[in-house]
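Open the model in your viewer and keep the sequence panel beside it. The stops below each begin with something to select.

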Amino acid sequence: MTSAANRIQTLCFASVIALLFGALGALDFVPVIRGDDKPGFDPWPAAQSAQAAELARELGEKNTPPPIVIYVGFHTLFAGGHIPGATFHGTASTEQGLTDLKKWADRLPRRTNVVIYCGCCPFEKCPNIRPAFIALDKMGFKNLRVLVLPTSFVTDWVDKGYPVQKGM
């Protein structure tokens, strides 16, 4: 290639790169993922996440009232085994389930210590936990946390020997 052709090719390439970066800069809806964020766009900050060992310890404490634990997954899984004392008020991935959950939660003081969980499937793919969190958060709950069960309730709670209650 001649030097003139090389300069034209370089200018064209530089123009295309500048155009692409300019277009990316104009997209204000592209999410920024910081080092402490996880892809998946969880609607809660890390401070509102609870780990299984932490919740099991809280539930066993005698000097403080336990949190209200709400199961937001599928009814059949709840009946098969759940965290002792947990309540079920509908599957949060359905409109009816969310309506039932909100109706029940509406009577609670907004400073109530609430932990929601599901555990039906891998946490990042759970269809229930995010809608439940968003609904309760929008209702103004100030002490709302999400129990992180990375794999499932069985793997991350039952198999670790934490207490389980069966039936309704």
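Select L98, L101, K102 and A105 in helix 4, then P131, A132, A135 and L136 in helix 5: these two sets meet, where contact means heavy atoms within 4.5 Å. Helices (H or I, at least four residues) and strands (E, at least two) are DSSP runs, numbered from the N terminus. By class, this contact has 7 nonpolar, no polar and 1 charged residues. Ala, Val, Leu, Ile, Met, Phe, Trp, Tyr, Cys and Pro count as nonpolar, Asp, Glu, Lys and Arg as charged, and the others, Gly among them, as polar.

This is a predicted model, in which local features need pLDDT of at least 70 and side-chain atom pairs count only at pLDDT 80 or more, while totals for chains, interfaces and linings use all residues. Residues are numbered from 1 along each chain as its sequence is written, and side-chain values use heavy atoms, with hydrogens and water left out.

Now show helix 4 (residues 95-105) and helix 5 (residues 129-138) whole: their axes come within 10 Å and cross at roughly 35°. Axes are lines fitted to C-alpha atoms, for helices over the stretch in contact, and angles run from 0 to 180 degrees between N-to-C directions.

Stay in helix 4 and pick L101. Is L101 buried or exposed? L101 counts as buried because its relative accessibility is 1%; buried means under 20% relative accessible area, exposed over 50%, partly exposed in between (1.4 Å probe, protein chains only). Leaving aside neighbours within four places in sequence, L101 is in contact with I70, V72, H89, A132 and L136.

Move to helix 5 and colour its buried residues: I129, R130, A132, F133, A135 and L136. What covers them includes strand 2 (68-71), helix 4, strand 4 (113-117) and strand 5 (143-148). Just after helix 5, select G140, which takes a positive phi of about 100°.

Last, select Y117, C118, G119, C120, C121, P122, F123, C126, I129, L147 and L149, the lining of the largest cavity. On a 1 Å grid over the protein atoms alone, a cavity is a set of points where a 1.4 Å probe fits but cannot get out, and lining residues have an atom within 4 Å of a point. The lining has 10 nonpolar, 1 polar and no charged residues.

Conventions: On a 1 Å grid over the protein atoms alone, a cavity is a set of points where a 1.4 Å probe fits but cannot get out, and a pocket is an open set with protein on both sides within 12 Å along at least five of seven lines; lining residues have an atom within 4 Å of a point.
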